[in-house]
Amino acid sequence: STKRRVCVIEQSLADSSVTLQWRIGITAEGKPALAFDISNAVDRQEGLVFRVGKLMTTIPLENCRTVCRAVLPFDGFVQEGVLKGELVGFGYTRNGQGAAIAADMRGFKEVLLASQNPPVVSFEGGKTKMRKPAKTQ
C-alpha cells in the first residue's frame, strides 16, 4: 500500500442500448485524466466523440472486451470546458448509426471542489470519527 488517498468523480449515463461511465481520476504518474467506459456494442473503429464548449475531439477506443475504454488528459481546454460548461456531449456510432448522450454538469463543480478538501475519517477505539481537514493556503 502506498497510503495515498485518491478521489475519483464519476457519472453514469445511458440511452436505450448503450451505457457510458466517465470519471476524473489520477494516472499512475499523478496527472489528472478523464477515463471513459462505453458499452462494447458501439463501433470501436469510430471512437468516442467528446464535446465540451467549443472543443470537440474524437478519442480512440481501446481494450473492447466487456466495455471499451478511452482516456484523455484532464488539462488545458478540456479541463476548462468541463469546469465551466453546463453540458458535456458524447457521440458514438452503433451499427453504422450515429448517436449522442449529453451529461448535465449541474452539481458537478460542487462535487469537484468538495473532493479537493474531503473530510478525514479515523477509527479510534472501535468508533468512527470524522473531522474536517486543516485548511491549506
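User: In which loop is Asn95 found?

Analyst: Helices (H or I, at least four residues) and strands (E, at least two) are DSSP runs, numbered from the N terminus. Asn95 lies in the loop between β7 (87-94) and β8 (97-104). Please note that this is a predicted model, in which local features need pLDDT of at least 70 and side-chain atom pairs count only at pLDDT 80 or more, while totals for chains, interfaces and linings use all residues. Residues are numbered from 1 along each chain as its sequence is written, and side-chain values use heavy atoms, with hydrogens and water left out.

User: What is the phi of Asn95, and is the residue buried or exposed?

Analyst: Phi of Asn95 is near 55 degrees, which is a positive value in a residue other than glycine. For burial, the scale is relative accessible area: buried is under 20%, exposed is over 50%, and partly exposed is in between (1.4 Å probe, protein chains only). Asn95 has 60% relative accessibility and therefore counts as exposed.

User: How many helices and strands does the protein have, and in which pattern does it place them?

Analyst: There are two helices and 10 strands. Along the sequence, the pattern reads β-β-β-β-β-β-α-β-β-α-β-β. Of the 137 residues, 33% are buried. The accessible surface comes to about 9,400 Å², with 52% of it belonging to carbon and sulfur atoms; such areas come from the Shrake-Rupley method with a 1.4 Å probe, and for residues only the protein chains shown count as cover.

User: Which residues of helix α1 are buried, and why do they line one face?

Analyst: An α-helix has 3.6 residues a turn, so residues three or four places apart point the same way. In helix α1 (residues 76-84), the buried residues are Val78, Gly81 and Val82. Seen down the axis of α1, these buried residues fall within an arc of 95 degrees, so they line one face of the helix. The arc is that of the directions from the helix axis to the C-beta atoms. Gln79, also found in helix α1, is partly exposed, at a relative accessible area of 29%.

User: Which cysteines does a disulfide join, and what is its handedness?

Analyst: A disulfide is a pair of cysteine sulfur atoms within 2.5 Å. The count by this rule is one: Cys64 is joined to Cys68, with an S to S distance of 2.0 Å. The torsion about the S-S bond of Cys64 and Cys68 is about 125 degrees, so this disulfide is right-handed. Cys64 is partly exposed, with a relative accessible area of 24%, whereas Cys68 counts as buried at 1%. Cys64 is placed in the loop between β5 (55-59) and β6 (67-73). The C-alpha atoms of Cys64 and Asn40 are separated by 5.8 Å, although these residues are 24 residues apart along the chain.

User: How are contacts read, and with which residues is Asp37 in contact?

Analyst: Contact means heavy atoms within 4.5 Å. Asp37, in strand β3 (residues 32-39), is buried at 11% relative accessibility. Leaving aside neighbours within four places in sequence, Asp37 is in contact with Thr19, Leu20, Gln21, Arg23, Val67, Cys68 and Arg69. A polar contact is a pair of N or O atoms within 3.5 Å; within protein, one must be able to donate a hydrogen and the other to accept it, and residues adjacent in sequence count only if both atoms are side-chain atoms. The side chain of Asp37 makes such a contact with the side chain of Arg23, at 3.2 Å.

User: What does the side chain of Gln11 reach?

Analyst: Gln11 belongs to strand β1 (residues 9-14) and counts as buried, at 19% relative accessibility. The side chain of Gln11 reaches the backbone oxygen of Asp104 at 3.3 Å. Beyond four places in sequence, the contacts of Gln11 include Leu20, Trp22 and Ala103.
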